[in-house]
Amino acid sequence: MSLLELRHLSKTYPGANGAVVHAVSDVSLSIAPGEVLGVVGESGCGKSTLGRSLLRLIEPSGGEIVFEGRDLTRLTRHQMKPVRRDLQVIFQDPFGSLNPRHTVGGIIGEPLEVHRVGTRGERKARVAELLKLVGLPEDAASRYPHEFSGGQRQRIAIARALALEPKLLVADEAVSALDVSIQSQIINLIADLQKRLNLSIMFISHDLSVIRHVSDRIAVMYLGRIVEIGPAEEIMTAPRHPYTQALLSAIPRPGVARAERIVLEGELPDPANPPAGCAFHTRCPHVTDVCHRVRPQLARPKTDDPASRSEVACHLYEAA
């Protein structure tokens, strides 16, 4: 049973000269209780818009967001408030997402106050518990965000996100603004908390090497659409879509020459004027005539491995 199910979710914005920018187009996916779904793609592919749309931080233009059997798109702002206890987010910038005028204790305790959880003493105890949970000292509660490093500030953001014991967490590029050495610490922290608290997480990143360490499944986005989705190990070891293959080839690996990497020609197409047929055909090394005319649908391809659970949107594969 799914905790969250997106059905044909779309988000558009008005563009210049009356154009329509398709940020997210017809995305359908699900997240099970306790599952980590990694969403990966290059900048501008729509992955952050997808995460914010499912939280209704921005309003989707179409489709359904079914959370625990309820379509959140049909709820009013007032009806959404109790649901938000179960849906929390970690933003990319660990300083910009924290109010510099509030103490750390005030920042972490604010969700508890907004939702009127516990007495003042109970909220203070909960803040101390959360600081310990993310590896920060209890006296951090009386200090301000500027007194902490980037990695420590992201730990504060994680503590705030966990304050209300959510069921689903959206981590939007949660480590991309950090040094590489700090990234691994935060990734390990999120992975450890996910197991201890049985959290469901949508982990958004442009880096497949980060995604593979935390995800049970991986969804690959290109120009607002899911082009491949499946178990993390299967996506990492046997990618089918040419775009996924190019992303994987860009990961630096010892002993692999640069000549073996797949270099995509051209730029990401304009989402206000997406190409007909397969959106990737303008950069695909395997493009055929049908790619220019017909948009491929996400489907499980025929394969020699009956245990395969991946789906791909590509004309190179015949649907099962």
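This is a predicted model. Start by selecting Leu-4 and Phe-67: Leu-4 stands opposite Phe-67 in strand 4. Now extend the selection to the whole of strand 1, residues 4-14, which pairs with strand 4 in the antiparallel sense over five bridges.

**Arg-56**

Move on to the loop between helix 1 (47-54) and strand 4 (62-67), where Arg-56 lies. Check the backbone there: phi of Arg-56 is near 60°, a positive value in a residue other than glycine. Is Arg-56 buried or exposed? Its relative accessible area is 11%, under the 20% cut-off, so Arg-56 counts as buried.

Select strand 7, residues 168-172. Five of its five residues are buried, so strand 7 is largely enclosed by the rest of the structure. Colour the side chains by the way they point: Leu-168, Val-170 and Asp-172 go one way, Leu-169 and Ala-171 the other.

Strand 7 has a parallel pairing with strand 6 (residues 87-90) over four bridges. To find this pairing, select Ile-90, which stands opposite Ala-171 in strand 7. Strand 7 also pairs in the parallel sense with strand 8 (residues 200-205), over five bridges. Here the pair to select is Val-170 and Met-202, with Val-170 opposite Met-202 in strand 8.

**Glu-173**

Step into the loop between strand 7 and helix 6 (180-197) and pick Glu-173. Glu-173 has a positive phi of about 50° although it is not a glycine. Its relative accessibility is 8%, so Glu-173 counts as buried.

**Helix 5 against helix 6**

Show helix 5 and helix 6 together. They pack at an angle of about 20°, with their axes 10 Å apart. Because angles under 35 degrees count as roughly parallel, helix 5 is roughly parallel to helix 6. Helix 5 passes helix 6 in a right-handed crossing.

For the contact, select Gly-151, Gln-154, Arg-155, Ile-158 and Leu-162 on helix 5. On helix 6, select Ile-182, Gln-185, Ile-186, Leu-189, Ile-190, Leu-193 and Leu-197. By class, this contact of helix 5 with helix 6 has eight nonpolar, three polar and one charged residues.

**Helix 3 against helix 5**

The crossing of helix 3 and helix 5 is right-handed.

Which residues of helix 3 meet Ile-156, Ala-159 and Arg-160 in helix 5? Select Val-104, Ile-107, Ile-108 and Pro-111. The residues of this contact of helix 3 with helix 5 divide into six nonpolar, no polar and one charged.

Conventions
Residues are numbered from 1 along each chain as its sequence is written. This is a predicted model: local features need pLDDT of at least 70, side-chain atom pairs count only at pLDDT 80 or more; totals for chains, interfaces and linings use all residues. Side-chain values use heavy atoms; hydrogens and water are left out. Helices (H or I, at least four residues) and strands (E, at least two) are DSSP runs, numbered from the N terminus. Buried means under 20% relative accessible area, exposed over 50%, partly exposed in between (1.4 Å probe, protein chains only). A crossing is left-handed if the near helix is turned anticlockwise from the far one by less than a right angle, and right-handed if clockwise. Contact means heavy atoms within 4.5 Å. Ala, Val, Leu, Ile, Met, Phe, Trp, Tyr, Cys and Pro count as nonpolar, Asp, Glu, Lys and Arg as charged, and the others, Gly among them, as polar. Two strands pair if DSSP finds at least two bridges between them. Axes are lines fitted to C-alpha atoms, for helices over the stretch in contact, and angles run from 0 to 180 degrees between N-to-C directions. Angles under 35 degrees count as roughly parallel, over 145 as roughly antiparallel, 65 to 115 as roughly perpendicular and the rest as oblique.
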